[in-house]
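Open the model in your viewer and keep the selection tool at hand. We will walk through it one stop at a time.

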Amino acid sequence: MSDRRSFIKKTLISTSLLFPSGILEACAQAPKEAEREKLKPLILSTWDHGMPANDKAWEVLMQTGDLVSAVEEGVKVTELDMDNLSVGLQGLPDREGIPTLDASIMKGDGSCGSVAFVRQVKHPISLARKVMEETPHVMLAGEGARQFAIAQGFKMEEEVLSPKANEMYQDWKVESKYKPIINIENHDTIGMIALGPDGKLAGSCTTSGLAFKMHGRVGDSPIIGAGLYVDDEVGAATATGLGESIIRICGSFLIVELMRQGRSPQEACEEAVRRLIAKNAKDIKDIQAGFLAINKEGEYGAFAVQKGFTYARHYNGGKDLLTAGYKM
Ligand code: SD4
């Protein structure tokens, strides 16, 4: 048996013996930095919905060894989750009542692809991967992205709001005021970062963006360096929260660069939050933003502006849902 296949078999056996399903899913406090071991392979993703997404990503990684497919297939689970109002076509629409989606995918060798402000595509993350693999470009937006999807054989979905999204949109229209609500409705993007057994990294990020945003608004998630950044020489980072605040500091790129200069993933996430608060001071009490980071050694970190940012961790030996520290 090849090394990789025997590794996969051993991992599957040890994981299922040690951790029958669900046993580690209780929300736990993140271990203190000094207590953190180095984990490889390791998959982190944002919020509670990261658990089923990570389950899928882990399964794909174990079965195929393909990290990019793992991070794509993982977040596709969230893109189809009808309970999630911030990812996929069932997400809350913009002010005109239209769901528009943003997504990005990146490999540690610098390959990346993204789509922004795209309509009618069920899996924007797969379209982002097509941009990465089938075009000379990094980013396609709006109608051009939709045309590219059609050319690639993607089925165009009807633009009908999900019942839950429609109800909330009708309520919103009564006053038509834009006001982000921390950790609720408009903060459920999934960002996933993964370190493979061979030390290579990849990440993905997908969202329907902020609820009731202006038509044409693009958040941080499809912006390489803001919502996602991956570099095999250093590590990976992803973001969730108010995209405008994250773009202002190039959050994910900043974290990877801080790690390159010697900060641990935890220190880098904390510094990014500090900087985000400094650059968004006026409105900070209404802003939630959270970051996840992994370095190539298998150390990881997480930190948020406000209380309540959870993230899922899958590693060789278990899985759990952790709660990030916060600044305010
Ligand atoms: C955005 N960052 O479009 C996304 C929203 C988000 O959890 O993260 N929601 O600004």
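Helices and strands here are DSSP runs, numbered from the N terminus, and a helix run has at least four residues. With that in hand, select glycine 262, which sits just after helix 8 and takes a positive phi of about 110°. Keep in mind along the way that this is a predicted model.

**Stop 1: helix 8**

Now step back into the helix itself and select residues 251-260. Is helix 8 mostly buried or exposed? Eight of its ten residues are buried, so helix 8 is largely enclosed by the rest of the structure. Colour the buried ones: Gly251, Ser252, Leu254, Ile255, Val256, Glu257, Leu258 and Met259.

What covers them? Show strand 8 (228-231), strand 9 (235-241) and strand 10 (289-295), which are among the covering elements.

**Stop 2: the ligand**

Next, select the ligand. How many residues surround the ligand? There are 13, and the closest are Asp188, Thr189, Arg217, Asp220 and Gly241. Sorted by class, this shell holds one nonpolar, nine polar and three charged residues.

- Threonine 189 has a backbone N or O atom 2.7 Å from an oxygen atom of the ligand.
- Glycine 241 places a backbone N or O atom 2.7 Å from a nitrogen atom of the ligand.
- Glycine 243 brings a backbone N or O atom to 2.8 Å from an oxygen atom of the ligand.

On its own, the ligand has 290 Å² of accessible area, and the protein covers 100% of that.

**Stop 3: threonine 78**

Move to helix 3 (residues 67-79) and pick threonine 78. Its relative accessible area is 1%, so threonine 78 counts as buried. Which residues does threonine 78 touch, leaving out those up to four places away in sequence? Select His49, Ala53, Asn84, Val87, Gln90 and Ile190 to see them.

**Stop 4: salt bridges**

Side chains of opposite charge can pair when their charged atoms come close. The model has 19 salt bridges by the rule used here, and we will visit a few.

Start with lysine 164 and aspartate 83, whose side chains meet at 3.6 Å, N to O. Lysine 164 belongs to helix 6 (residues 163-175) and aspartate 83 to the loop between helix 3 and strand 3 (101-107), so the pair ties together parts that are 81 residues apart in sequence. Lysine 164 is partly exposed, at a relative accessible area of 41%, while aspartate 83 is exposed, at 60%.

Then select glutamate 159 and arginine 119, which form a salt bridge at 2.7 Å, N to O. This pair also links distant parts of the chain, 40 residues apart: glutamate 159 is in the loop between helix 5 (142-151) and helix 6, and arginine 119 is in the loop between strand 4 (112-118) and helix 4 (124-134). Glutamate 159 is partly exposed, with a relative accessible area of 37%, and arginine 119 is partly exposed too, with 26%.

Now try aspartate 320 and arginine 313. Their closest N and O atoms are 2.6 Å apart in a salt bridge, and both residues are buried.

Finish with Asp231, Glu233, Glu257 and Arg260, which salt bridges with shared partners join into one network. You have met Glu257 already, as one of the buried residues of helix 8.

How values were computed. Residues numbered from 1 in each chain as written. Predicted model: local features only at pLDDT ≥ 70, side-chain atom pairs only at ≥ 80, totals over all residues. Heavy atoms only, no water. Near = heavy atom within 4 Å. Polar contact = N/O pair within 3.5 Å; in protein donor to acceptor, adjacent residues only side chain to side chain. Areas by Shrake-Rupley, 256 points an atom, 1.4 Å probe, with all protein chains shown as cover. Nonpolar A, V, L, I, M, F, W, Y, C, P; charged D, E, K, R; others polar. Helix = DSSP H or I, 4+ residues; strand = E, 2+ residues; numbered from the N terminus. Buried < 20%, exposed > 50% of the residue type's maximum accessible area, 1.4 Å probe, protein only. Contact = heavy atoms within 4.5 Å. Salt bridge = Lys/Arg side-chain N within 4 Å of Asp/Glu carboxyl O.
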